[in-house]
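Welcome! Here is a short briefing for anyone meeting this protein for the first time. Please take a look at the sequence and the model below before reading on.

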Amino acid sequence: MAATALPKRASSTLSGSVFLITSDGRILNLPIPSRSSRDPLNWGAWKRAYAFLALMVFWVVAFVIIQAPSLMFTELSEEFTAEDLKPFRLDVLVSAPTLLLGIGAFIWIPLSLAVGRRPVFLLCTGIMTVATIWAGATKSFYQLLVAVCLQGLAAGIVTSTIFLMVIDITFIHQRPQGISAFWSLGGGVTLGCLSLIPQVVRFGSTWRTFYKLWTIPSLAAFLLAFFFYPETYFHRPAVAFDGHILMQSATEKVEIYEDWDEVPGGKALPQLPENSVLAASIKELRVWGSINGGWKSMLACYSQILMCVFNPLIFWVTIVNAVAFGGMLSIGMTYAPLLATPPYSLPVDAIALVNTSAAVGALLAWPASGIMISRISRRLSMQSGGVRHAEYYLPAFVLPIICAAASVILYGLAGERKWHWIWIYIAYMLNAFSFVGLGTANTLWVTEAFPRWAAAALAIVGGGSYVISFGISFAILPWIKSQGFARANIEIGVLTLVVGLVLIPVAFWGKSLRQYIHGRWAMNEGGALRPQ
C-alpha cells in the first residue's frame, strides 16, 4: 500500500500546511519525536534551556561587537589619522562587517547541511573569539578592519543558521514563541549592552578596552557552544504508532504505511545504548559527526538559493526586510550627530541611552509578535478544521511594517523641526520594535511556507537583506543631503508602506501561488528542515 494522507485532511498534505489541532482543541506535538536519545525533541527542559542559552549568548556577543565601533568613533578618530585610513573612511568599521554579516549567511547555512549545526556553531564562536582578541591587541587600522570583518562573517550565523537551530529543538506550535523570544530578548539585551559602551571606553581611556573586556563573553559563548549545544540536525526514522508506520519527510510531513516492507529503506536498526551517562555525554561533545545528505545537500542548497531569488513570495520578504533595514540605517547613521548638536547638545552618555529606549521596543515586540501570532494562528487553524496554513502567519507582518514606516517618518519630522529629543528616542524605540517583529514574521513565513527550501530561503532573507542594505547605506547620506532630512525619511517610510502593501495580494492569493510553486519544483529538497 502506497503512502497516503487521510482524505479528511487533504489540505495538510501540502508543504506549508499541517494538521496541528484535533477536534477537541488539543495541539499535536509535531514533528513526532523518535525514540533516540540524540533526537533534540526528546531533550529535557533543562538541556533545551542550556542549548537556548548558548545560542542567545552568542547572539548578544555577535550583535554588540559588530555595532560597537559606531559608538567609539571619537576615540578611534583620535588615534587613526586620515592618512592611516586611506583609502577608507572610519565608518567602514561598521559597513564592512554588515556586508560580511550578509555574506556569512550564504556560507554557514549551506555548510550546516553538509557537516551539521554543531561544527558550524563552534567554528563561528571560535572565529569570533580570535577576532575579538586580535581587535583588542592590534595597533594597525587595517588589522582592525580585518578583525571586525571576521567578526561580521562569524556573526552571519546569527541572522540565518541559528533560526534553523531553534527550529531543530522546538515543536511546530512552539516556533512562533521561540523565534520571537530570540529576536526580542537577543535584541533587547544587545541594545542594553550598547548603551554601556561609552562608559566602558571612558573607564579604560581607549577603544581597546571594550575589545579586551568583550573577549570574556566571546570566550564564554565558545565554551557554552562546546558543552551545551550537541548536534541537532537529526534524521528521524520511521516509527510505529497506533497500528501504522509513520514516516516523516525532510519537510516534516507525515506519510502513513501499513507495513515495514513498504517503508523506503525498511526498518531502522535500534540505537545501541551507551555504557554510561558519562559515555553518552562525551559522545555528544564530538565536534564532527555524519550527516545524511552531506555535501550533496550543500550544493543543492545553492541551486535552491537561486530559485528562491525568483520566488515572488520569498523575494517580497527580502525587499521588505531590506527597505525596513534601510530605515533603521537612516536613524542609526544620523541620530548621534543630530543629538550632539544644538538645540539638543546631549553628552555622549545620554546619546548612548537611545539604545535603552530601543531595548524597550525590542522587548515589547515579544508579546506583540510571538504571543499574538501564536493565538491568531491557533484560532485560524481551528476555523479550518485543525489545519494550520503558512498564510496564518501573515498578520505578523502588519504591525512591524506600520511601525517601521511610522518610526522613520516621526524621526525625520522631529529631527528637521527640532522637536523635543524624546520624540527621537520614541522613533528609535518604534524602529527596534518593527525590526524584531519583522524578523520574527520573516523567519516564520519563509520556513513554514517553504519547508522544502527553508535553508535557502533563510539565506536569501537573512543574507540578501543585509547585502542589499549595505548598498543602501551608501545612499542614505546623499539622499538626505539631496532631499532634506524630513523629506528623505518620509520617502523611506512611504516606500516601506508601498512594499508592505504587497501583503494584501499575498494574503488572498499566496496559498494558490505557494501550491503552484511546490507542485512545479516539489522534489527539490536539498535545503529542507530535516536531513534527507
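Helix α10 gives the largest share of the nonpolar patch, four residues. This is a predicted model, where local features need pLDDT of at least 70, side-chain atom pairs count only at pLDDT 80 or more, and totals for chains, interfaces and linings use all residues. Residues are numbered from 1 along each chain as its sequence is written, and side-chain values use heavy atoms, with hydrogens and water left out.

**The nonpolar patch**
- Trp46, Tyr50, Leu53, Leu219, Leu223, Phe227 and Phe228 make up this surface patch, with about 720 Å² of accessible area together.
- Patch residues have over 30% relative accessible area and no salt bridge, and nonpolar side chains (Val, Leu, Ile, Met, Phe, Trp, Tyr) are joined within 5 Å, like charges within 9 Å.
- A salt bridge here is a side-chain nitrogen of Lys or Arg within 4 Å of a carboxyl oxygen of Asp or Glu.
- Two or more residues of the patch come from each of α1 (45-67) and α10 (208-228).
- Trp46 lies in helix α1 and is exposed, at 65% relative accessible area.

**A buried serine**
- Ser160 sits in the loop between α6 (141-155) and α7 (161-168).
- With 0% relative accessibility, Ser160 counts as buried (buried is under 20% relative accessible area, exposed over 50%, partly exposed in between, with a 1.4 Å probe and protein chains only).
- Leaving aside residues up to four places away in sequence, Ser160 touches Ala105, Ile109 and Leu458 (contact means heavy atoms within 4.5 Å).

**The whole chain**
- Of the 532 residues, 55% count as buried.
- The chain has 20 helices and five strands (DSSP runs, H or I of at least four residues for helices and E of at least two for strands, numbered from the N terminus).

Notes
Accessible areas come from the Shrake-Rupley method with a 1.4 Å probe; for residues, only the protein chains shown count as cover.
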